[in-house]
Amino acid sequence: MAKNKELDMEEYFNEGLAEKTEPNNPFEVLEPEPPRKKKASGKKMKAMKRKRILIVAAAALLLVLILAIALLIAKRRNDGARYARKLASGIGQQITAAQKSAGVTLAQESEYATLNTLYASFQGITESRKSCHIEGVKLPQWAIFCNTDAEELTNVTYYNYALLEDSIFGTKRKSYLDPNLVSLGVPAAQVEEQLDLKPYRIQYLQGKQELREYRYCYKDGNSDEIAAYVITATLDEAGMLKEIRDVRRNYIGTLLASPAATES
């Protein structure tokens, strides 16, 4: 009988029954049961989902904001018209003071030989670091020419060469633009809104007068040829339109004319 009991006890332990919790055993250390995870309620799940959506949306908005700021900074660095206005505010001052006020450093000559040949009389120039190509000729996207008299800034001229990259004749339009339809006494922004053109050339003169030049072209239905025009707007010291006129330009005729005919 004792042997049977011993075998029963051995069988008891071999089967692992001793590993189970024994009730009323003061010597057994009970391991705490792991806490059960509570399932989130429907409302809590929706709140968590909204939170994730808000986080993703905030991250996307931040990225867009960073890109917008980077583009704005890049544009401002290449904004020749803005630099020209700042330099023009120093007309009548010493050229060194005008440069410092505008945050611009003027060079004695352009990095482009074509500009040095075309505009030989300027005393200072600043130009875009970015380039464009007009009829195969490489030029800066914009350039600002300054003239002086006894080291005093007398006039500032801004050229937007990038406008002519698509066509040297100017912005393409469907028909003739009558400058007489533009009302006198309006600011430059309204002139350009009515013409739907950007200025190719802006010249700032003494007395705060300003000349703005616009180039455009269209296909003449009668002759089936390209008609090219230049519109010149004169602004008074208050920045209002004082006078506006246009003239038709024969660029092709100038190119085809012989040197002798041009000189005469």
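I began with Gln203, which I found in strand β7 (residues 201-204); strands here are DSSP runs (E) of at least two residues, numbered from the N terminus. The model is predicted, and I kept in mind that local features need pLDDT of at least 70 and side-chain atom pairs count only at pLDDT 80 or more, while totals for chains, interfaces and linings use all residues. Residues are numbered from 1 along each chain as its sequence is written, and side-chain values use heavy atoms, with hydrogens and water left out.

I looked up the exposure of Gln203 and noted that it counts as buried because its relative accessibility is 15%, buried meaning under 20% relative accessible area with a 1.4 Å probe and protein chains only. Its side chain makes a polar contact with the side chain of Arg201 at 3.1 Å (a pair of N or O atoms within 3.5 Å, one able to donate a hydrogen and the other to accept it; residues adjacent in sequence count only if both atoms are side-chain atoms).

I then followed Arg201 across to β8, where its bridge partner is Glu213; β7 and β8 run antiparallel and are joined by 4 bridges, pairing requiring at least two DSSP bridges. In their hairpin, with 5 residues between the strands, I noted a positive phi near 80 degrees at Gly207.

Strand β8 (residues 210-220) has 9 of its 11 residues buried. On β8 I also recorded 11 bridges to strand β9 (residues 225-235), in the antiparallel sense, with Tyr214 opposite Ile231 in β9. Strand β6 (residues 171-172) pairs with β8 in the parallel sense over 2 bridges, and there Lys172 has Cys217 as its bridge partner in β8.

Note on methods: Buried means under 20% relative accessible area, exposed over 50%, partly exposed in between (1.4 Å probe, protein chains only).
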